[in-house]
Amino acid sequence: METEPKDAPRLWHGLDSEAVAALLSSDARTGLAREAARSRLALNGPNALQEHGRRPPWAMLAAQFTDFMILVLIAAAVIAGIVGEPKDSIAIVVIVILNGIIGFVQEYRAERAMAALTRMASPRARVIRDGQPASIDARELVPGDLVEVEAGNIVPADLRLIELSALKVDESALTGESQPVEKQLGLRAEADLPLGDRLNLAYKGTTVTYGRARGLVVATGMHTELGRIATLLSGESGKTPLQKRLARFGQHLALGVLAICAIIFVTGWLRGEDPLVMLLTAVSLAVAAIPEALPAVVTISLALGAARMVKQNALIRRLPAVETLGSVTVICSDKTGTLTQNRMQVDCVQADGETRAALPQADTAPWRELGLAMVLCNDAVLDADGALTGDPTETALFVAAQAAGRDHAALRQAWPRIAELPFDSDRARMSTLHPDGSGVLMLVKGAPESLLPLCVDQLGASGTSAIDAAALHAHAERLAAQGLRVLAFALKRLPAVPGALDAESLETGLSFIGLAGLIDPPRPEAADAVAACKAAGIVPVMITGDHPATARAIAERLGIVADGGRVLTGSELARMRLDAFEREVESVRVYARINPEQKIRIVQALQDKGEFVAMTGDGVNDAPALKMADIGVAMGKGGTDVAREAASMTLLDDNFATIVTAVREGRRIFDNIRKFIKYTMTSNSGEIWVLFLAPFLGLPIPLLPIHILWINLVTDGLPGLALASEHAERDVMRRPPRPPKESIFAHGMWQHILWVGLLMGGVTLLTQAWAIHTGSAHWQSMVFTVLTLSQLGHVLAIRSEHESLFSLGLFSNRPLIAALLLTFALQMAALYVPWLNPIFKTEPLSLAELAACLALSSVVFVGVEIEKGLARRGWLYTQR
């Protein structure tokens, strides 16, 4: 039996379902046995397209040493070893290898994080195995599996359809046909039938737009039609906008650094320095100072940040979304399930002229009868597992009665339902009949406008009294204006079960009991999330298909609009021209009765006004709006595959507060990338100034190649990476969004890199000049130490862009402190471990010399703290 077509596809469209099942050794009713599915998965491999972009670990490691300047440095070190001292060359090569290993570990971690995210984002498939339905990862499908699909699903594999109900499939990804194809079960015998005419087949990667179906998997992975023409897939570039900008910046900067290195080489040579030493020095500086790793650092930071965001229920599907989250200015959110709990609950009850927040436990009229009606005139039931099932409104009434002490089991046993008049939309009510002594109790539930005209009196604490239907109707309308769904309850006593259950004759002469107002309440955390949005300069906008009054009530509770705020309805939007809508779009906070197609218009209008829009959605029709939005946000629980594929981010808990958390995390990640770049570029700037200015000041070469490479290894390595662990700035959600095209070097960053680098270089050269002037034999070790420790002081100072380290707390970033202590220990080892002295060309410093190095290296820390103090007062740079 062939479980997978290998060379040429079978003519599956020309075989009936029994023949297909027989060829696949499967069953069209019960599917495969689980054991058979496991063995086929091992035989055929996962149902996934081959990934050409992912590199194996050995290739990642090799790539760390393929940079041109790295190869030049290794070649120069080898030549130096041949003509000079081999141990110097070996030390240089060892440091280069260590640097490469650190780079490999970072990249491998990022790759693993992204692979984990990809697995989480993989679509699910509903499969029948051993006759039992199950939801599995679509990559685990095998030929012969029996799969169910419905509207909103992406077809997970090539299927021979065996059952369907009005199935339509969008096959534009394969055939280019823009209209959905209506599928049929009939056989098509032609061998060379085009894909679009094989109506009894559904293909991997296509989208079910309507209906549902069952089918047998006939091909998976690269053997599907999608796999055969995988080149037609539109892949992503793989680079984020920030990476591209940094790559261009790095190329320009590299030319400048190479020019400086050339000047250093020529100047040293003309001064009579050993040409080979000068070549090694210049190349070492080029390797240390050229920021060729910046784009890779961005990838690592974004990938690891995305992995952390999963723990906060935000699954990033496209890496640039992490970078751009901080630029969001408007969040357009669905109401139901995202801002609200997607669970109706009783908000208030009214009876005998009294309104209460919940049904009281009192066993007196009319509250007793209201509780009875809420339980008995109700089709909600508890299943075997104790879970409540039924219409959301009825389950809400059931829960409210239960919370008031009404025992549903006892009540339904005492008053069993003996007849009913089911709900229908024309009557807008339902009635149930129950034995009551020698007579029958009829309970009625329905819309107030339908039920009140049928009532002749009103039940109160002392019996029945005259009814003021107009006043009750006005009260019901006031509740509805508050966004509540209002239900009315009434009863009627009958002598016996009528022979004919006729609503027109039975549902008259009723006694009114009371009203219940229901609402899908806001999530408890939603109001705080909305407030956080506003504080961060982000405008929250509610979009719903619900009634305008309901939309306004929820929006007012959450603080999205003030009392009386405008609600724009779908019908009003449909009548507005685009230019008229764009004049108002920035002032509208609530949209009601909106259809998914109108979401596109809202996104377009906001973007035309310069807004950066995040849009939520869950349905098939939401996909275009999600794709058009700057950040599309799909629902992980209730959303469709199509919506998730179109989105940049998926909410695993369908919660608006998670979007706000993701924005906060995105801002934190971007801030930390800025800090890493600031740290690295300033360190490089300092090294360049030291080596460039020394000859012009009449000083000997301050640092040897191994010193430069060692500083690059120990300071750019662990401390730089530990910056990624920095907590969010305290004002991270109190500042306006970052303009998406704003340079990463804005807000004083490029000025900081220049002046602090110059300060770092100046302090280092001052150390050299002072040590030489005082006759110290250890001047080069002092220069080496001051430059290293200055960079450690700098990384402590830039943990926050504005706050002082002393207000942050020295130990609030423990990974960074651990990295600094380790780096300091390694630097001390290079000075004081005897067998390392000849390798690093160092000499032990006296206590006074070490104290002088510590004091001088602290100048950079103090300088940056002063800079931040001036910035806090608004005297330096532009504030965010």
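In this predicted model, the charged end of Arg 738 is positioned over the ring of Phe 670, at 3.6 Å from the ring centre. A second contact of this kind involves Lys 168, whose charged end sits over the ring of Tyr 210, 5.9 Å from its centre.

Contacts between aromatic rings were also examined. A pair of aromatic rings is described by the distance of the centres and the angle of the planes. The count comes to five aromatic pairs. One of them joins Phe 265 and Trp 269 in a tilted arrangement, with 5.6 Å centre to centre and 45 degrees between the planes. Both residues belong to helix H8 (residues 241–270); because they are four residues apart, about one helical turn separates them. Trp 269 has a relative accessibility of 48% and therefore counts as partly exposed.

Another pair, formed by Phe 581 and Tyr 591, is edge-to-face, with 6.3 Å between the centres and 80 degrees between the planes. Phe 581 is located in helix H21 (residues 578–584) and Tyr 591 in strand E23 (residues 590–592), so this pair ties together parts that are 10 residues apart in sequence. Phe 581 is buried, with a relative accessible area of 0%, and Tyr 591 is likewise buried, at 0%.

On the surface, a nonpolar patch is formed by Leu 61, Ile 90, Val 94, Ile 97, Leu 98, Ile 101 and Val 105, which together have about 550 Å² of accessible area. Helix H5 (residues 86–121) gives the most to this patch, contributing six residues. Ile 101 lies in helix H5 and is partly exposed, with a relative accessible area of 39%.

Note on methods. Residues numbered from 1 in each chain as written. Predicted model: local features only at pLDDT ≥ 70, side-chain atom pairs only at ≥ 80, totals over all residues. Heavy atoms only, no water. Patch = residues over 30% accessible without salt bridge, like charges linked within 9 Å, V, L, I, M, F, W, Y side chains within 5 Å. Areas by Shrake-Rupley, 256 points an atom, 1.4 Å probe, with all protein chains shown as cover. Salt bridge = Lys/Arg side-chain N within 4 Å of Asp/Glu carboxyl O. Helix = DSSP H or I, 4+ residues; strand = E, 2+ residues; numbered from the N terminus. Buried < 20%, exposed > 50% of the residue type's maximum accessible area, 1.4 Å probe, protein only. Phe/Tyr/Trp six-rings, centres within 6.5 Å; stacked < 30°, edge-to-face > 60°. Lys NZ or Arg CZ within 6 Å of the ring centre and 35° of its normal.
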